[in-house]
Protein chains: 2
Amino acid sequence: MKKPKLADVAKLAEVSPTTVSRVLNDRGYIGEKTRKKVYAAMEELNYYPNEIARSLFINKTFIVGVIFPTTSNPFYGQLIYHLENVCESLGYKVLLCNSGGREDKERAYLEMLQRHQVDGIIAGAHNRGIDLYKKSRMPIVSFDRILADHIPVVSSDNYRGGELATQHLIDRGCKKIIHINGPRELETPANLRRDAYEDTMKKNNLPYRTYEISDTYLEDLFNENLDLEAVFASDDMIASKVINEAKNRGIRVPEDLKVIGYDGAEAVRMLLPDLSTIQQPIEEIARVSVEILMEQINQSDNFEVKNVTLPVELIKGKTT
Amino acid sequence: MKKPKLADVAKLAEVSPTTVSRVLNDRGYIGEKTRKKVYAAMEELNYYPNEIARSLFINKTFIVGVIFPTTSNPFYGQLIYHLENVCESLGYKVLLCNSGGREDKERAYLEMLQRHQVDGIIAGAHNRGIDLYKKSRMPIVSFDRILADHIPVVSSDNYRGGELATQHLIDRGCKKIIHINGPRELETPANLRRDAYEDTMKKNNLPYRTYEISDTYLEDLFNENLDLEAVFASDDMIASKVINEAKNRGIRVPEDLKVIGYDGAEAVRMLLPDLSTIQQPIEEIARVSVEILMEQINQSDNFEVKNVTLPVELIKGKTT
DNA sequence: ATTAATATGTCAACCGGTTGACATATTACG
DNA sequence: CGTAATATGTCAACCGGTTGACATATTAAT
């Protein structure tokens, strides 16, 4: 029993295929009784118009590809949730791509999305070496990653966030403050968090030191800094690890060690309500990203690249 | 400058469209030099075959629709991550649908997925009242929800999980143990957690009481049970809330109150490594779900419905 | 009664590949 | 050298809707 097609509906409703199409798309003149007959036939046959056929003809899929490391991470999970929500409200669907931080996967996804004729892409995963981003004439918006000159970047105010976090720790009386961040090589605005940390420390005549994520950064951090007073972690997961390691070593938080994280995803705030953090406006990021993508999609000719930076907020918890 | 099509490639490579198609699909005889010429032309034109056109013809999209409440929740986030991974490894793409627990959205998504000719659906959101699931002849696999007779259900061993959790608390010497769960109306295997809790308490001649999620369940729980010794929460987020509320009330965990959760998502384990919980085999759930879906897709004729229950594991943390 | 608006039908081209039938040319092998 | 295998081309139908052109019929307004 094959899927019913438009012609089947037409036959059952005793009208022409054109009329059915007219009903479906609400164009031209349609009489009330005809419309009803058609709908009744669709109902009876359990008919769903084939979007694929439609997409082929109108040369538009109303699909947006979304590439991020993983939905497993609460921050990305929430961001993707909102992205999907905003897209849905505009009649767009989301093709989900978890790159898992692997460049080869990201490249494969990018190619897949092109083949699949998505109308646009929102990416916030890798960056380097993916020349496809540069070659592509596809509407793209990037989150927190510089992909190419012609690709707009949406991010929250990473510099300000770094500043807020660092200054907050200093205000709390800390002098020996360490920062933990991802590898510098990634050309991401998130490096600004690090710059802000270092600048702020310099400005206050304090020594600074940034640890990059590695297999042993946690032990190194504690072993090499016995006089440690505070840690500014570049995300909440890391902050949580620091706190746990401290606990294991009998170091009290916040009495002996103050810790502040970054991101402030809903789930994390629920699980660790005490954690001080810099909250990114996740929903806003999603909204703006889709907005800019839509501008590109709808007027690909006179679209001018604009980067957007959204404000962050310091959440003073009990870990600082 | 429009997208290049197969015919453009053919022209540039000086071969016939049929030959290009042959190269693309590796059918029939193709000479080495021709193949190279064609690939070179594709490269030069930056050509990507139009999957939409292909899908239309072969009547298959290699897309799987995935409907869950939200990627924002670490458990679903991780589950979806793995689902996407498994699908990708089989050449399938994932259309993401966040129902947000709203039945109307779920219904709309279901319809959208049909229109979009997805090859199958994996759903773990609502259940009642969505007759579309029943009417649909589409390959579907459900996670933890009974949708219809002909739809296979994958879940972890909820009864065993409830048993493990409850017994663990009893073993720890608790007598006054409360359970918190979602509304009973949902016909989900997760109700088995509740049944197991109640059965186990009965078996041990202990009083039992289940709180259903509401606006005030947390306060009620503490106010109505001053002699409370332990809580078995039906997921880790709730467990975390209980722990925090306890802290706010000056109740020590685990000394005064023991708490065990449910799910054991990676992110949660990282953020709350001390939390005792029942760990669901998330990756395994994803693998099996996709596996069963593929069986349906590939042999929709003689497919027999089978429900699968996967083992859970008790994680003894420091909150019990 | 005439004209205009409304309602529906027929037909064919098109979106961009895929596929089978069939023809033809080149190469390889016994 | 002849036959078979290999290589490529032409052509047309098809997947399931969409759309414009055009024809015709019914209804409404003047």
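**Contacts with the DNA**

Modeller: Gladly! In this predicted model, an N or O atom in the side chain of Arg27(B) is 2.8 Å from a phosphate oxygen of DNA strand C. Residues are numbered from 1 along each chain as its sequence is written, chains are lettered from A and ligands numbered from 1 in the order in which they are written. Local features need pLDDT of at least 70, side-chain atom pairs count only at pLDDT 80 or more, totals for chains, interfaces and linings use all residues, and side-chain values use heavy atoms, with hydrogens and water left out.

Biologist: What makes the pair at Arg27(B) and the phosphate oxygen a polar contact?

Modeller: A polar contact is a pair of N or O atoms within 3.5 Å; within protein, one must be able to donate a hydrogen and the other to accept it, and residues adjacent in sequence count only if both atoms are side-chain atoms. The Arg27(B) pair, at 2.8 Å, therefore qualifies. So does Asn25(B), with a polar side-chain atom 3.2 Å from a phosphate oxygen of DNA strand C. Ser16(A) uses a backbone N or O atom, 3.0 Å from a phosphate oxygen.

Biologist: Why are E7 and E12 of chain B said to stand at the edges?

Modeller: The open sheet has 6 strands in the order E7-E6-E8-E9-E10-E12, with mixed pairing. Strands E7 and E12 each have a single partner strand, so one side of each is left without a neighbour in the sheet. Strands here are DSSP runs of E, at least two residues; helices are runs of H or I, at least four, and both are numbered from the N terminus.

**Between the chains**

Biologist: What is in contact between chain B and chain A?

Modeller: Contact means heavy atoms within 4.5 Å, and 61 residues of chain B are in contact with 60 residues of chain A.

Terms used
Pairing = 2+ DSSP bridges.
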